Amino acid sequence: MAAQSSHVRLCPRRPSLRLRAAALVAGSCVLLLAPSGRAQQAPVREYPPGEYYLALNIYQAGEFTDAARAFRSAARSGVRSSEGRWVDSICYHTMLGESMYQMGELSQAADEYTAALNLFLVHRNWMLRVDFPDVLQPDQGSARRAPTWGVSTRRSVPARFPDRYPILQGRLDNQQVLQQGGIVALPEFYQVNVHEIMRCTALAIRRRHEIMGRAAAHDPLTTQLVQVLTVRPAPPNHWSGAWIDALLGLAYASAGRSQEAASELGKSLVMASQFDHPLTATSLLALGKLAFEQDQYGTASGLFLEASLSAAWYSQYALVEEALRWGAVTHLVAGQNGMYPPLEPATAWARRESDLLETSLVVSAAEVAATANETATAVTLLEQARRTMARADMRGGTIGARYQYVLALASYTAGNVKAGDAAFAALMAYQRKSSLRLFELGLIDRLVVSAAVTERVGNELYNYALREPEPKDWAVDPVETLSVVLTPHLAPLEHWFEITLKRKEEERAIEISDRIRRHRFFTTLPMGGRLVALRWVLEAPKEAISERALLQRQDLNARYPKYATLARQASALRTQLEGLPLVPAEDEVRQTQKKLSGQLAQISSAQEVLLREIALRRVPADFVFPPPLDLKSFQANLPPGTMVMSYLSTSRAVHAFSFGKDDYKLAALEGGAKLQKRISDVLRSMGHYDKNQPIDLEVLANDAWKEPARAMFAAITNNATAANFDGVNELIIVPDGPLWYLPFEALQIGTAESSMPLITKTRIRYAPTIALAQHDRRPMATTDTKTGAVVGSLFPRDDEKIGLAAFAELQSSLSEVVRLKEPLSVPSNMLATLCDRLVVLSDVQSDGPTPYAWSPMQLDQGKPGSTLGDWAMLPFGSPEQIILPGFHTEAETALKRPAGGEDVFLSLCGLMASGSRTILLSRWRTGGKTSYDLTREFVQELPYTSPTEAWQRSVFLAMQSELVVAREPRVKTSDFDARIKADHPFFWSSYLLVAPGEMNATSPIPNEVAAEKKK
């Protein structure tokens, strides 16, 4: 069957395109079998063959799997010779790539585009053999194809092109081949659809660029394309040169040469100074994207509209779809009100032409409606789209993913969280395998690792691909941005870290190490930290966030007045609740607290639904928690005498950094199994084998643990000496991996003959990221605080009287302490916002299906509002100071099971994300008198001094106190009757203190604190 136009004209949509494609195949078979009354003429060999155009019909119906099968079948009818496939196979490979692209199979699609372009390079001069007409004529018979959604402002008119052109293949003279040897190539004329081959070549270039992103500029094929097209392989001074201009412009764009791309694309728009052609729409679309990248949204919008009009004239429905989709995005990014004008008439026009085009336009219209808060309209449009693609492959491809995005947005806006979560989960499942930005990141990573680019270029590429989400990222493509922040990609981050070290950019390497920690945290959170970012921007104390975040708060409250109203209501309820006792003694007050808390819970739940909606919208919200690290600023704000020791565990090694205000040092240490064994040896030497196993008194009386602790200190500090810590008043430790289980406080500093625990040399505190170690300007808790205490059993089977006695001692040394009893009158996540300090004198069960499924307060474990994940949700806030002496980690079994520290790291990040700042957490639970004493002494000093000073004092007191064996359930009684002190690290080095930096000297100190300090 002969092709009738550059693209087979699609008839009215009844029956479906797929059925019509089948009917066309059957009809061609009937024609072949029909008898003829005259002699059969030699068949004309046309390329691509008619079967290819049937495959295009199937593609336009959104049946991409069937279309791919049909394109492969058409390829079997393509030209083959001893030299391989010919230029007609450019079409088969490109459209195979398009079918796979639409289904999100990016790697396979890229391979097909590459194969198509390699064929173009092999046959680069093929257009010189085409017998082109000298003069073009205007297309006078295409009024039936005219678009209805706009009128072009360009003065050019479409040209009429023949469906096929003759081209000579082979040689007229084979004598030289016969004499010298070689392959005889007899001359033969083919009929070729030249502009379809050129359209597919252009499509392969630009789609390959879209998939590869900035990696395309560093790909050898891109360089070859530019070199070949610069020679302009087309008849000289001929109108067909505009096609070469278009290809060269697209190649320049792939190479990152935007100015040259714009110049060539501009020249390619018309032929013979007056005619549009089948590549005009492609060039207009590419120019629109260049303008969009430069924030020229008005120009871009006009170019996208013009591209859609030109594409419609030549029945390029996929190009109409792409141009109008980009037009709708530009409409949204530019902040235009109302529906994007072309969508409604274009959808009506598409209804007769292409299922693919119609469905995409309807989904775009649904997104514009959802963005404009016209939820009912959006839902109606989504249902229309669902029906259209119900039985087509579109539902599982790129259009289906866009549908899921708008469905999630509309569902959240309507308050249907369950439907929204389901749609978002489906969207992210698709994005994990088909995200363009993640695919680009993978290509960039391979370029750098394989040394295909220099370290300088690799650093620039990583800086771009692994960038912190910017406002423009959220505005242009929130789905891709969410995909990047939600999907783990530690390997590229580690490789970026490594090349910065090779380039001697140590400061940048330290900043990237903190980026890696933040990424590990974000990828464990719903929506990749986007919800946490919104909670902090909208609800955190003003002192805790940046000026830019405060401006974003103002903008978000103005954009979403419903949220602002709920926030004001929540604030008023919290003020009322804060005026009530933490644990009301009177029933009437208790009922009031319960009622107000219930109202606050309802409002907070409504806010959370709105946050999900906002999270999907094209609005910025900085990831202020954990904050990104600016090392120069961090060092400038470090108090004199403060040192930071930071570790990063990668797949290759453990990297150690130490720095103060003015300098830094770094070293690479042994990691992996060797590091785990060293830490295990230290823990075993201290008596750790099981969380409840008793320890012999004789073990606690000897110093066998000191040598492993001294060797460990030397290993992780690159053989630092005690002199290196002279003048260090406070040491900030940022562990990573199994180092979270190592009690740094007990490590021995000095020589084998004379050594001391590190905590006796300097005060120590920890931070999950370097940036979280700095003071964030929030005022510290004072003596006038509400302290809630949970009293249970720190050790299983302990009598309740032990805990009650410890609580009584705590009450006697600290004012405003109340016992939190079971059952709680309000959920613990509500109570947590009213507590300034929480002391949990109970064994903490921290095992759970997720890192945030354990209950910090323990009293309402298993109930709504009890988990750490619940605490991170609104209402914002948790106790500023949390004391958990009953927490468990893998340290208590001496790392019997290999562990990477995630349980500690993520628990700390989760507590701090909820608003806590000072956290005392046990690596292992001793559960006896020493534990109660350490906790009490620490808590009672917190109002008057820094957390590190309070903790160091508590440890010193514990070391000097006599061990009461009868009140230490982890100590095994024996005949060993020597009286010993509790100076063994088993008792005091379990605890890990996370605390903010001290206030600057210029920060105001509350009067009551100043008075206590004088005392």
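Biologist: Is K674 buried or exposed, and what is its relative accessible area?

Modeller: Exposure is read from relative accessible area: a residue is buried under 20%, exposed over 50% and partly exposed in between (1.4 Å probe, protein chains only). K674 has a relative accessible area of 53%, so K674 is exposed. This is a predicted model, in which local features need pLDDT of at least 70 and side-chain atom pairs count only at pLDDT 80 or more, whereas totals for chains, interfaces and linings use all residues. Residues are numbered from 1 along each chain as its sequence is written, and side-chain values use heavy atoms, leaving out hydrogens and water.

Biologist: With which residue does K674 form a salt bridge?

Modeller: A salt bridge is a side-chain nitrogen of Lys or Arg within 4 Å of a carboxyl oxygen of Asp or Glu. The partner of K674 is E670, with 3.6 Å between the closest N and O atoms. E670 is partly exposed, at 45% relative accessible area.

Biologist: In which helix do D681 and K677 lie?

Modeller: Helices are DSSP runs (H or I, at least four residues), as are strands (E, at least two), numbered from the N terminus. D681 and K677 both belong to helix α30 (residues 672–685), four residues apart, or about one turn of the helix. Their side chains form a salt bridge at 3.1 Å, N to O. K677 is exposed at 53%, while D681 is partly exposed at 34%.

Biologist: Are D219 and R208 buried or exposed?

Modeller: Both are buried, and the side chains of D219 and R208 meet in a salt bridge of 2.6 Å, N to O. This pair links distant parts of the chain, 11 residues apart: R208 lies in helix α7, and D219 in the loop between α7 (194–212) and α8 (220–230).
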